[in-house]
Amino acid sequence: MATTTDAEPRPPIGRVVVLIPTYNERENLPRILDAVRVEVPAVDIAVLDDNSPDGTGDVADEYAARDSKVQVLHREGKEGLGRAYLHGFQWAMDHGYDVMVEMDADGSHQPHHLHSILAALRHADVVIGSRWVRGGAVQNWPLSRKALSVGGNLYTRMLLGMPVHDATAGFRAYRASALETIGLDRVASEGYCFQVDLTVRAVRAGLRVKEVPITFVERELGDSKMSPDIARESLRRITQWGIAHRAGQLQDVLLGRERWHRL
Ligand SMILES: Nc1nc2c(ncn2[C@@H]2O[C@H](COP(=O)(O)OP(=O)(O)O)[C@@H](O)[C@H]2O)c(=O)[nH]1
Ligand SMILES: [Mg+2]
């Protein structure tokens, strides 16, 4: 496994694009675009719209027509968050960006956190805006959503033994080099478990993954797209990865290749 340390210098940040996936976010989108543009004016934005029935794509086009820092990728239909991000990452790599930021459209991810996320990336390959580290928080979530997030993260850590507290978080920044190392063509996750998938791949590849605290604020407008199907995909895939991981460890032990530090 490749290893990296804090002491190793990282290249300068370079060109940054914030990727914002949207499905039925016509009320939220202009607000988040305005807020990101004010907070980090030098940064480009690409909206990844899955042909939202409420016309979010048109709202995005109107915005992009008067702001050259904003681009819109129109996708054919709703294929899930993971697919939308894979498309956005590939587009961003093809267009020479050095850093890709993931950010929700609904106001849950506050643009002022972009400063600490990008600052941390100077010494990391991947930075996760984390709700479940000291200083992190969630506002206005019902107990059921909190339980799902805490439980999902606990399950992920137990099965996969990862040193990450918020593997399901969706406010994060990747260096393009990190995405190249991860190898996006092997990522099959469609829904929200895409986030866990990339976290596991990044950690396993020996990339330096850092968490910085954020306050996640539940949306005020529009509806969450979280669904039982999305939760089921996460549970199924995380369980499969966990079983494979633990079986590999057991095999190491049985073959006398103990690596207890990985347990
Ligand atoms: N393009 C695209 N965006 C999606 C899809 N599902 C969710 N999103 C976007 O992903 C972000 C997070 O979704 P949200 O429903 O708020 O999830 P929650 O915060 O976990 O409840 C929002 O900007 C959504 O519009 C999808 O299938 N395609
Ligand atoms: Mg949301």
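Buried means under 20% relative accessible area, exposed over 50%, and partly exposed in between, using a 1.4 Å probe and the protein chains only. With that in hand, H165 is partly exposed at a relative accessible area of 32%. Welcome to a predicted model, in which local features need pLDDT of at least 70, side-chain atom pairs count only at pLDDT 80 or more, and totals for chains, interfaces and linings use all residues. Side-chain values use heavy atoms, with hydrogens and water left out, and residues are numbered from 1 along each chain as its sequence is written.

- Ligand 1 has 19 residues around it, and E25, D50, D106, S224 and K225 come nearest; a residue is near a molecule if one of its heavy atoms lies within 4 Å of it.
- By class, this shell holds 8 nonpolar, 3 polar and 8 charged residues. Here Ala, Val, Leu, Ile, Met, Phe, Trp, Tyr, Cys and Pro count as nonpolar, Asp, Glu, Lys and Arg as charged, and the others, Gly among them, as polar.
- β1 (16–22) and α3 (81–94) each supply at least two residues of the shell around ligand 1. Helices (H or I, at least four residues) and strands (E, at least two) are DSSP runs, numbered from the N terminus.
- Ligand 1 sits in the largest pocket. On a 1 Å grid over the protein atoms alone, a pocket is an open set of points with protein on both sides within 12 Å along at least five of seven lines, and a molecule sits in it if more than half of its atoms lie within 2 Å of its grid points.

- From its backbone, K225 places an N or O atom 2.5 Å from an oxygen atom of ligand 1.
- From its side chain, E25 has an N or O atom 2.6 Å from an oxygen atom of ligand 1.
- Y192 brings a polar side-chain atom to 3.1 Å from an oxygen atom of ligand 1.
- The protein covers 97% of the 570 Å² of accessible area that ligand 1 has on its own, with areas from the Shrake-Rupley method and a 1.4 Å probe.

**The loop between β1 and α1**

- E25 is found in the loop between β1 and α1 (28–39), and E25 counts as buried at 6% relative accessibility.
- The side chain of E25 also makes a polar contact of 2.9 Å with the side chain of N28.
- N24 is found in this loop too; N24 is partly exposed at 27% and has a positive phi of about 60° although it is not a glycine.

**Helices α4 and α7**

- I117, in helix α4 (residues 114–120), is buried with a relative accessible area of 0%.
- Helix α7 (residues 194–204) is mostly covered, with 8 of its 11 residues buried; among them are F194, V196, L198 and A202.
- Just after α7, G206 takes a positive phi of about 80°.

**Around α5**

- N140 lies in the loop between β6 (137–139) and α5 (143–160); N140 is exposed at 58%, and its phi is positive, near 65°, in a residue other than glycine.
- H165 belongs to the loop between α5 and β7 (172–175), and the C-alpha atoms of H165 and R31, 134 residues apart along the chain, are separated by 29 Å.

Key
Chains lettered and ligands numbered in written order. Polar contact = N/O pair within 3.5 Å; in protein donor to acceptor, adjacent residues only side chain to side chain. 1 Å grid on protein atoms, 1.4 Å probe; cavity = no way out; pocket = protein on both sides within 12 Å on 5 of 7 lines; lining within 4 Å.
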